[in-house]
Amino acid sequence: MTKGLSLEQVAEIVEQKLTDRGICLTMGGEPTYLPHHPTGAEWNLDAMGPEKLDYARKMAARLLEAECPGALVLQIFGKWYPGEPLPRWNVLLVDHADEKLWTQPHRLLLEDRKGSNTASKATRIANKIAEKLDLKGRLIPALEEDSNTKKVAGWVLPLDHDGKSWKSVQWPWSKEKPIPLIEGDSPIGLRLPLDELPKRTGRKALTIECKNGALGIFIPPLKWKAFRKLVTLLETIAEENDLRDLIFCGYAPGGCPEEVRTYGLAADPGVLEVNLPPSNNWFEFQAGLSAADKAARKVGLVTTRLHLNGAENGTGGGFHLALGGTSVETNPFVTKPERISSLLRFWQHHPALSYAFSGQYVGPGCQAPRFDEGPTHSLYETEVACEGMASVQSDFDPARIDHFLKNLMTDAAGNTHRAELCFDKFFNTAAPNGCMGIIEFRAFETLPEARMNAVAALFLRSIVTRLFLKPFRKRLRRFGTTLHDEFFLPSRLWQDVEEICTDLQQTGLPFSSGWLKPIFDFRFPLRGKFEIPNGQIEVRQALESFPLMAEESQGRATVRKVDNSTDRLEIRLSDSACLEKGFLLINGIEVAFTEVNGSPVAGVRYKCASAHPALHPNVPIQSPLLFEWVDQKSGKTKTAARYHHWHPTQPVYDGFPKTDAEAAKRRKARWIPANELVGKVATRVTPRISPEYKVTLDLRRQKV
């Protein structure tokens, strides 16, 4: 290993090794944000909400100022999920490296306030746009119908471009017979009755409307050159008429040149998701990530969520790193499918890659389960698929990769999008955006600082580079129950991380495990510690798997909830010699330790709260946990403490923590020395050890 290198110097080594082999490995990411004091359904389970859209627009304004001053801000619309009233919006910044698309950001409405425009101005501007395009006779009013009145909601101009000039078609409506809009409150461009048009009639249209004083212009689907021409024309009209409070929406341009990059600020359940522009190397990725993070924090968005008991976690959304190529022909995973096989094998061998950077809980019920946590046949069938991909030589159809993996890389319900290693956008011809050549790594959650996220991204990129340099061909491991028993504990995960870093260093990629230590300290915070004779005990947060409950019918929807009534902690002794003179009891049950990295380690799983639905209604809440260090000879307690999962003295907290300091105070208050037990003879109960859990003590199965 080369000592004393900085993170950036190691990144240079990684990029040079890729360049030397002619590999262009693109990288993207999706950091997620939320307000410091999130309230309302849009910061819990719902995807959309007015506050979130306001934050997105304000953040777009900050990105315009600092990162891409010539970009156009465009509100586009994506997936429409069952039960949601509208398609999910995405505030998109379209930026060209060599030219400015929109030079007058002061004319855009990028905050939540009433605009200055009127319906009569919308009519006047609609006529000017049609006149400039020489299509004035094609302009049609759109009618809003309600129980009391009929009024013109805006104007519709059927519009397309054939590569040479603007074209329009005759629709079966006119000024005398306005277009009846579909009921709703989305832009009128999404509420046109297109199914009433004759077959083979063009369905693209530009629309203009005034809503809450904002002048909304809906851009139809266009290729890049036509899109660029239209935006130039609209900016000229805006300047000539001194327009303000403009909102552009509609469709992003298709067929964009390489010089175009986009930032997407998307509505996602509970968070605002930022889709970073794809980067050709880690340095570009870091720059894009840093720019997005600075813009988010300027408008009051953060990357952590404070819970009632003071616990600090990630946003609950993803970070979801994505790797791919600039084209199908040059995609490094398409040109050599064995690389995918190698990647799947390496990831399965190292649970730290699945658990150490993930969300609040892991396991088969989470949003990024490992493929060996699913049905028992998945591990074997995935190994067969790896052998199949590794055997492919040349002239490989990328669609076959989708065939190899589509039915294996899924969550417990068969959802391909929620797999840990997601190939949903690799070459899935059944999906509109499924052929992007992207492998998405979903077991990465947004970390508290942009630097931490950049470190995690370089760790991932270093591993994939190592696999390009030296394929990983070992057969898949049969972890069995040890996967959750051992690798839900931070010490075991850290040991795995150090093994990965040693492997990287032996391949000429000197990534230091020390750079990941701050991430571990955040993911597995210290919950308490106490001194014992000739040593110390540390109690850290460990990981937990929340089992999926049975299906429940909720009206027209069928849902599956999780049982979140359990918690897991790791207990670590500073020295194994301590066990020669004493032993540890938790709620009276003796703890058995296993040595990890030279220190005795054990886990404890317990019922921390009441929940419904939940497993095992016979098990009472087992918090607080009583930790007692007992002298071997006398049987007397030498030191003791109680750990409360919840408020130690009150049934409820007085609202969520308002500051980080208040959250830290609540966390600290949950660890209380039990000095009144010191010197007393402790009751020692031998634990019931199950064959599935030998390292982690499950208090729910103990008889006290």
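**Helices, sheets and one buried leucine**

H2 passes H5 in a right-handed crossing. That is our way in. A word of caution before we go on: this is a predicted model.

Let's stay with that pair. H2 covers residues 50-66 and H5 covers residues 282-298. Their axes lie 8 Å apart, and the packing angle is about 125°. The two helices are therefore oblique to each other. Who makes the contact? On the H2 side, Met59, Arg62 and Leu63. On the H5 side, Ala291, Ala292, Ala295, Ala296 and Lys298. Sort the residues of this H2 and H5 contact by class, and you get six nonpolar, two charged and no polar.

Now the sheet. How many strands form it? There are 12, and the sheet is open. Read the order with me: S9-S5-S6-S10-S11-S12-S3-S4-S13-S14-S2-S15. The pairing is mixed. At the edges stand S9, residues 179-180, and S15, residues 301-302. Each has a single partner strand, so one side of each is left without a neighbour in the sheet. As a reminder, strands of a sheet pair through backbone hydrogen bonds, either parallel or antiparallel.

Take one pair from that order. S3 is residues 72-77, and S4 is residues 89-96. They pair in the antiparallel sense, over six bridges. Look for Ile76: Asn90 in S4 stands opposite.

Helices lie across these strands. H2 is back again. H2 lies across S2, S3, S4, S12, S13, S14 and S15. Against S4, H2 runs at about 10°. Then there is H4, residues 224-240. H4 lies across S3, S4, S10, S11, S12 and S13. Against S11, H4 runs at about 160°.

Zoom in on a single residue. Leu72 lies in S3. Is Leu72 buried or exposed? Buried: the relative accessible area is 0%. What is Leu72 in contact with, leaving aside neighbours within four places in sequence? The partners are Leu92, Leu93, Val94, Leu101, Trp102, Phe227, Val231 and Phe248. For a sense of distance, take Met27. Leu72 and Met27 are 45 residues apart in sequence and 23 Å apart in space, C-alpha to C-alpha.

Next, another helix pair. H7 is residues 338-349, and H9 is residues 377-390. Their axes come within 7 Å and cross at roughly 150°. H7 passes H9 in a left-handed crossing. From H7, the contact takes in Glu338, Ile340, Ser341, Leu344, Arg345 and Gln348. They meet Leu379, Glu383, Cys386, Glu387, Met389 and Ala390 in H9. By class, this contact of H7 with H9 has six nonpolar, two polar and four charged residues.

Last stop, further along the chain. S31 is residues 637-643. Five of its seven residues are buried, so S31 is largely enclosed by the rest of the structure. Which strands does S31 pair with? One is S30, residues 625-631, antiparallel over six bridges. Here Leu626 has Arg642 as its bridge partner in S31. The hairpin of S30 and S31 has five residues between the strands. In that hairpin, Gly635 takes a positive phi near 75°. Another partner is S32, residues 671-673, antiparallel to S31 and joined by three bridges. Arg642 turns up again: Ile672 in S32 stands opposite.

Definitions and conventions. Residues are numbered from 1 along each chain as its sequence is written. This is a predicted model: local features need pLDDT of at least 70, side-chain atom pairs count only at pLDDT 80 or more; totals for chains, interfaces and linings use all residues. Side-chain values use heavy atoms; hydrogens and water are left out. Axes are lines fitted to C-alpha atoms, for helices over the stretch in contact, and angles run from 0 to 180 degrees between N-to-C directions. Helices (H or I, at least four residues) and strands (E, at least two) are DSSP runs, numbered from the N terminus. Angles under 35 degrees count as roughly parallel, over 145 as roughly antiparallel, 65 to 115 as roughly perpendicular and the rest as oblique. A crossing is left-handed if the near helix is turned anticlockwise from the far one by less than a right angle, and right-handed if clockwise. Contact means heavy atoms within 4.5 Å. Ala, Val, Leu, Ile, Met, Phe, Trp, Tyr, Cys and Pro count as nonpolar, Asp, Glu, Lys and Arg as charged, and the others, Gly among them, as polar. Two strands pair if DSSP finds at least two bridges between them. Buried means under 20% relative accessible area, exposed over 50%, partly exposed in between (1.4 Å probe, protein chains only).
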